[in-house]
Amino acid sequence: MTDAAPAPRPRSQGRAIWDQFRTHKGALFGLIVLCLLVLFVVIGPLVWQPEKLRVAEALKVRNLGPSWRFPLGTDQLGRDMLYRMMQAGKVSLAVGFIAMMIAIFVGTTIGVLAGYFRRLDGPLMRLTDMFLALPLVPLLLVMVMLFRDRIAGSLGPETGAFVLIVFAIGITSWMQAARIVRGEVLALREREYVLAARSIGAAPRRIIFRHILPNVISPVMVAATLGVAEAIITESVLSFLGLGFPPDFPTWGRLLYDGLQYMQLYPERVLWPGLAISLTVLAVNYIGDGLRDALDPRIRGR
Amino acid sequence: MLTFTLRRLLLAIPTLLFISLVIFLLVDLAPGSPMSEIPLTVPPEVRQKMIEAMGADQPVLVRYLLWLRQFFWVEPATLIDGWFGTSLAGGEQRILSWQTRSPVFTMIGQRIPQTLTVVGTAYLLGVLIALPIGIYSAYRQYSWFDQAGTLFAMIGFSVPTFFTGTLLIIIFAVWLPWFPTKYDTNLTVTDWQSFVQQVRQMALPVLTLALANAAAISRYMRSSMLDNMGQDYVRTARAKGMSERTVVLKHVLRNSLIPVVTVIALGVPAIFGGAIITENLFGVNGIGAALILAIHASDLPTVQTLAFIFAVLIVLFNLIADILYGLLDPRIRYD
């Protein structure tokens, strides 16, 4: 239907991708939901300032239900749940995005090296296979348990937990990206334009950055989108098992874990963070789905 | 086929050694080891004795080799001794838990039936739900059933198991008191009544795990069916006048199941990993709960052994999937 436009001017690539992306209803829904969630955690704390309560006052407002004063009620220490949801969401999303960036950086580097340099292919892919055979959840739990105190000692409990968890998730989830990139690079390096670049004496570095990397962007972007969802789930699993973030620097997973004890009396304290995690992951997965279609020139209607 | 299997088995050895080394070093070189958790009030000579008793004063390499020997030689030998009354192990030291001072494998042996009952039933149920959904979604592509199946799969991918589990508890154990919230490990099935009780307490954890698995497997089944539906042999079968039922359920299904079977085999280790969460949520006393317990107690030998068992499962089922693929699909020839 986008072809029907009578404009003779050729469309830019970004425009074409956006037009295809728009036709995917789920992806559009995902984008809107994700934007709303990002607004909620970034703008929310600026708009919604909870009143500062002294300890004696906070004790009186423990375990309240929803009201105008506390739209999502309060927790067992009299803290405003809405404000905590915003704070926790900020950390959850930040962990997801930064861990994904680490994973994509490592994965792309290893994938390009393995695909472009034949000598490195064997060892690097063996390494990838071995990483794929590692039991990730137990390993992450062990890493957090063993290094938490040491890193908290040198960086402070909040930054420490953040750096440790982001780093741990990042270096254990780059394997898919590496495999995808390697496959693409293996096909690309045999193309004529790469041969042409090599024949005029371009250095491997220049060929990789100028001719190969721009062409692997689309699969990497799809992998990155799905990686965000994966990282958010992994972080919440760690927090859920009590080995994630400290309670005064919560993520959605941690809020859920804290709410579990009061589940029978105040189920909404589990429901809100759980819904937030599920919605984020669902939105991101749908965006990934839409991006895959939109970035594939064979599907994209021209 | 035999040479392929042998080659893969040989290749699995360095992989497992690498993984065991990573796990061992990670756990061993970490700063938060229990040596640092002995209270400072303990006199130095007693502290020295404690460290020696745990064998923690030896160099890393010695401890690693000792652990490998215990894992691959002493433990299987003890197992065989237990079965046949031989004395292969010769009373050598087994891997001891620092929490209980008893062999880790005894504890695993006690706990693994719990895990297997819950995880096994869940996986079986998941596959049984997923296959019909996948088949019918592919047969009626883009119908409302297919759309609903897609939505179901998307939600199944996205909602983490700990949240489905809590939701199920809130709905079916708190609001509607149909099922118990906690799993009673001590229950033994002796008569009809205890059997019903066992089924009731297994319902929620099994459903949690089954839904998560069904989502992924139904997608694989659907796409595999779709790949086969357009093939020439399907048109031939229809042209011969075979009933639609025979065409879909015999000709197409058999060929479509080949990749799905390997996916099912590959999913087995992942479900053990997922069981860590479910076991903790429902209080199933399996190996996943044991891992968390050992982590919180800094019980390094148990953590190392359990993590390595998870790794062995992954390598083993990768191998099984590859071999199954070769056995089921005559077009695949590894040699």
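Helices here are DSSP runs of H or I with at least four residues, strands are runs of E with at least two, and both are numbered from the N terminus.

This is a predicted model, in which local features need pLDDT of at least 70 and side-chain atom pairs count only at pLDDT 80 or more, while totals for chains, interfaces and linings use all residues. Residues are numbered from 1 along each chain as its sequence is written, and chains are lettered from A and ligands numbered from 1 in the order in which they are written.

Back to α11(A), residues 204-240. The helix has 37 residues, yet its end C-alpha atoms are only 46 Å apart, whereas a straight helix would reach 54 Å at 1.5 Å a residue. The expected span is 1.5 Å times one less than the number of residues. Just after this helix, A:Gly242 has a positive phi of about 80°.

Now chain A as a whole. It has 13 helices and zero strands. Of its 302 residues, 41% are buried, meaning that 20 or more other C-beta atoms, placed from the backbone, lie within 10 Å of the residue's own; exposed is 12 or fewer, and partly exposed is in between. Among contacts in chain A with a separation of 6 or more, 70% join residues 24 or more positions apart. A contact means C-beta atoms, placed from the backbone, within 7 Å.

One helix pair in chain A is α7 (136-155) with α8 (157-171). Their axes are 8 Å apart and the packing angle is about 145°. Axes are lines fitted to C-alpha atoms, for helices over the stretch in contact, and angles run from 0 to 180 degrees between N-to-C directions. Nonpolar covers Ala, Val, Leu, Ile, Met, Phe, Trp, Tyr, Cys and Pro; charged covers Asp, Glu, Lys and Arg; the others, Gly among them, are polar.

On to chain B. Its helix α4, residues 104-139, comes within 10 Å of α9, residues 244-282, axis to axis, and they cross at roughly 145°. This crossing is right-handed. Among the contact residues are B:Tyr123 and B:Val127 of α4(B), and B:Ile264 and B:Phe272 of α9(B). The classes here are twelve nonpolar, one polar and no charged.

What about the length of α4(B)? Its 36 residues should span 52 Å at 1.5 Å a residue, and the end C-alpha atoms are 50 Å apart, which agrees. Still, α4(B) has a kink of about 35° at B:Arg111, shortly before B:Pro113.

In the loop between α4 and α5 of chain B sits B:Tyr142. Most residues other than glycine have a negative phi. B:Tyr142 is not a glycine, but its phi is positive, about 65°. Is B:Tyr142 buried or exposed? It is exposed, with 9 other C-beta atoms within 10 Å.

Last, where the chains touch. Chain B gives 35 residues and chain A gives 33. On the chain B side, α11(B) has the largest share, seven residues. That side has 29 nonpolar, six polar and no charged residues.

Key
A crossing is left-handed if the near helix is turned anticlockwise from the far one by less than a right angle, and right-handed if clockwise. Two residues are in contact if their C-beta atoms, placed from the backbone, lie within 7 Å. The bend at a residue is the angle between axes fitted to the seven residues ending there and the seven starting there.
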